[in-house]
Amino acid sequence: MKIDVITIAAFGNYGSMLQALATQEFFKQHGADVRFVETASKPNYLQRLKYLCTTGRKITIPFKILPAIAAIYETSRVFGGFKRKYFHMSDNKLSFDEVYKSDADAFCSGSDQIWNPACGEQTKKIMHLSFAPEGSYKFSFSSSFGTSEISQEEAAETQKYINQYRHISVREDSGLKILRECYNYRHAVQIIDPTLCLSGNTWRKYVKTTNGGGDYILIYALHTDKKINDFAQALAKKTGLKLVRICSSWRQFNQNLFRREKKIILPDVFRFISLIDNAKYVVTNSFHGTAFSLNLNTE
């Protein structure tokens with residue numbers, strides 16, 4: 001069975017990469033031939049550069065431009081390289097203004113926050129499988145709205161797409177509530193995140209080397225958070241363990257530059273797993289940071 005999957009695999013973060021890989025491997029374990037649908041749109045590097053060179057409302061390009069360019073390159077190397085090496089991508093690229101050609105038997109909206117109302121109009125349509133041929137078999141796999149509620153306008157805009165799904169599964173119980181109350185869709189089920197569909201030992205097979213473990217506290221925060229930092233500092237003082245921080249961007253590195261901790265900037269995706277697996281404790285505000293800590297039995 002051939003399944004074309006649309007998911008958030010284009011965004012440069014560890015959670016999106018690993019949930020996509022888990023979806024691919026889980027479907028393959030059940031005999032499916034999986035392909036990720038690749039869009040023809042290109043990353044907006046200019047917008048990303050502007051973000052990295054902005055402090056508050058002021059653009060401070062002169063002394064930030066080179067580090068920002070280096071950051072974009074490094075992000076592309078780590079996550080783009082991972083995607084090219086491990087994901088089975090579709091031969092045809094999906095364009096907003098052309099009919100998508102595919103011989104798939106089914107089309108799937110994958111996991112993560114693919115139905116987040118904050119998505120742009122075109123992205124929203126694609127994530128609801130608007131490109132799939134009329135009458136095709138559509139289903140979702142552990143999808144998420146990324147919020148606990150949506151507006152009536154949002155529901156009205158996407159109702160026609162939801163009605164076309166044969167089966168819907170969502171990641172959070174809030175997703176079930178949204179489907180039931182906003183779309184009158186009452187047959188959805190809740191399942192775990194794809195990364196949890198693979199065992200901890202299965203994930204360890206992807207890690208080529210281990211660093212030993214238990215002698216550090218790992219900090220992985222999606223954004224700089226004073227509560228996270230204060231808690232990690234207090235835990236380090238109490239246990240005598242050193243602090244190690246995963247910095248998923250150079251911006252995050254700069255924001256924590258003077259903290260007494262080891263910083264690892266944009267580690268390879270499988271090293272991210274290894275760092276969690278070998279830590280004594282993980283302090284995080286990330287969904288997938290928490291999911292992997294649980295799966296790998298790290299406190």
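1. Helices here are DSSP runs of H or I with at least four residues, strands are E runs of at least two, and both are numbered from the N terminus. Residues are numbered from 1 along each chain as its sequence is written, and side-chain values use heavy atoms, with hydrogens and water left out. Keep in mind that this is a predicted model: local features need pLDDT of at least 70, side-chain atom pairs count only at pLDDT 80 or more, and totals for chains, interfaces and linings use all residues.

2. T298 is buried, at 8% relative accessible area (buried is under 20%, exposed over 50%, partly exposed in between; 1.4 Å probe, protein chains only). Setting aside neighbours within four places in sequence, T298 is in contact with I276, D277, A279, K280, Y281, V282 and S293 (contact: heavy atoms within 4.5 Å).

3. Now the sheet. Five strands make an open, parallel sheet, ordered β5-β2-β1-β6-β7 (two strands pair if DSSP finds at least two bridges between them). The edges are β5 (89-94) and β7 (138-140); each has a single partner strand, so one side of each lacks a neighbour in the sheet. From one strand to the next, the twist averages 30° (axes are lines fitted to C-alpha atoms, for helices over the stretch in contact; angles run from 0 to 180 degrees between N-to-C directions).

4. At the β5 end, β2 (residues 33-39) pairs with β5 in the parallel sense over three bridges. F36 has M89 of β5 as its bridge partner.

5. Helix α1 (residues 14-29) lies across β1 (2-6), β2, β6 (106-109) and β7, and runs at about 150° to β2.
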